[in-house]
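User: I would like to learn how to read a few features of a protein model. Please take them one at a time.

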Amino acid sequence: MRGLFRSSGKWWRGAIILCALWAIAAWITTPAVEADVAERAAAALKNTVLDKTRLTPSGRDVTFSADAFSEEGRRSAVAAVEAVPGIRQVVDQTRLVPQATPFVWSIERDVVRVTLGGSAPLPASRARLADAARAEVSGVEVADRMTLARGAPSRFDAVALLLVDQIGKLKEGKITLSDTKVSLTGMARDLGGREAIAAALRNLPEGYSVAENDIKAPPYVFQANKDPVASTVTLTGYVPDNAVHAALAAAAGQKFFSEKVVDNLKASIGAPQGFATAVAPALGALSRLSTGTLVVSDREVKLSGDALFEAAVSQIRGELNKDMPQGWTVKADLSVKPAASPVDATVCQQLFNELLAKSTVRFEPSSATIDKDSAGLLDRLIETALRCPGAVIEVSGHTDSDGEAGFNKALSEKRAKAVVDYMVKAGLPPERFQAFGYGGTIPLAGNDTEAGKAKNRRIDFVIR
């Protein structure tokens, strides 16, 4: 009996050793089995469309969790894992992604970033939209705040990509797709952007429509800056078309007789009604200033700068308001340039000659009505006359040789008197001026060419 117990004791010791060896083997082999199971299960799901997929093996059992985009897809994924050889049991924790009703997606642009929000139907759709937004607004931060949901309308990706293409045309704003309805609000980045977006939306697939389009155009701005130091007038901003562009550039060349016109204008749609009718006289007003800036924004004209003499301030304001089309407003912030020092008669004559060598006082054809384009020159002549207060000035009118001599003499005298009247209205004493008309009797050039005739049609200022 004692031998039996001795043998039994040895058996238990062996069993203990065997259990320990088994535990060690299990500890060593189980991770390898679980890794193999997880790898083969993941391979089985390679061609499925899921989100938040997680495979958690426990021996040869697998807990499978994921968000599926259809019931059919969910069941197919579970079946694919269950069919993997070596898997004993699949604990199914899969579910469907939420249903979005209505299905809303949006893209929004502000000062610093573009934000994608709302729902996307698939991970690939979400990635595609985010990549397209980054390409459209290169260099701008893109925040992806989309979530995945079921319920997207047919052709969602194509429509959303079309809308992403429009975000680059916005300075700020938001585009929303709610089921098949598109809504847009904000400000276009450039003139013409609003129209370009509207044109693109005409390519929406059948069944889609625009519920709201509140995209505003940026202000339509035309600007002119007169710099007496550089002796330039710089034109910037927009004009409605090439014809208006050419007309305004030509008008500027006539009005600003002693400055170089730097033309940086661009043609663009969106001009307010009456644009050309308002800008032309506004340029004329600017030509009467020593230095100044003209800004035409939508239907408002802003003029600031220094007039050459006191009376010119009220004249410029009054004429500018009178010349504006209906519905336009004028804001004129004008001061008077400090008076220049007096000069003697010789210097005064030289200043008159220099001005009249650059341009001449122009009139309506066969008339004594002064052309408005000559206002800037006349103001400079008045400024010069103010610098020689003791001088008596002869204003003489001249014509070319065309027409009857008596008519030409009478016309030239009327034109000289019109110039004197202009200067007297500016506040100069009438006794300082004498008006004479010489017709075509004192030509500066031959009358056999148009250029020669143009030189002969003139007004001269002579110190007496």
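User: Which strand does Gly186 lie in?

Analyst: This is a predicted model, in which local features need pLDDT of at least 70 and side-chain atom pairs count only at pLDDT 80 or more, while totals for chains, interfaces and linings use all residues. Residues are numbered from 1 along each chain as its sequence is written, and side-chain values use heavy atoms, leaving out hydrogens and water. Gly186 lies in strand S10, residues 181–188. Helices (H or I, at least four residues) and strands (E, at least two) are DSSP runs, numbered from the N terminus.

User: Is Gly186 buried or exposed?

Analyst: Buried means under 20% relative accessible area, exposed over 50%, and partly exposed in between (1.4 Å probe, protein chains only). Gly186 has 16% relative accessibility, so Gly186 counts as buried.

User: Which residues does Gly186 touch, not counting residues up to four places away in sequence?

Analyst: Contact means heavy atoms within 4.5 Å. On that basis Gly186 touches Glu172, Gly173, Asp214, Ile215 and Lys216.

User: How many disulfides are there by the distance rule?

Analyst: A disulfide is a covalent bond between the sulfur atoms of two cysteines. The rule asks for a pair of cysteine sulfur atoms within 2.5 Å, and the count comes to one. The sulfur atoms of Cys348 and Cys388 are 2.1 Å apart.
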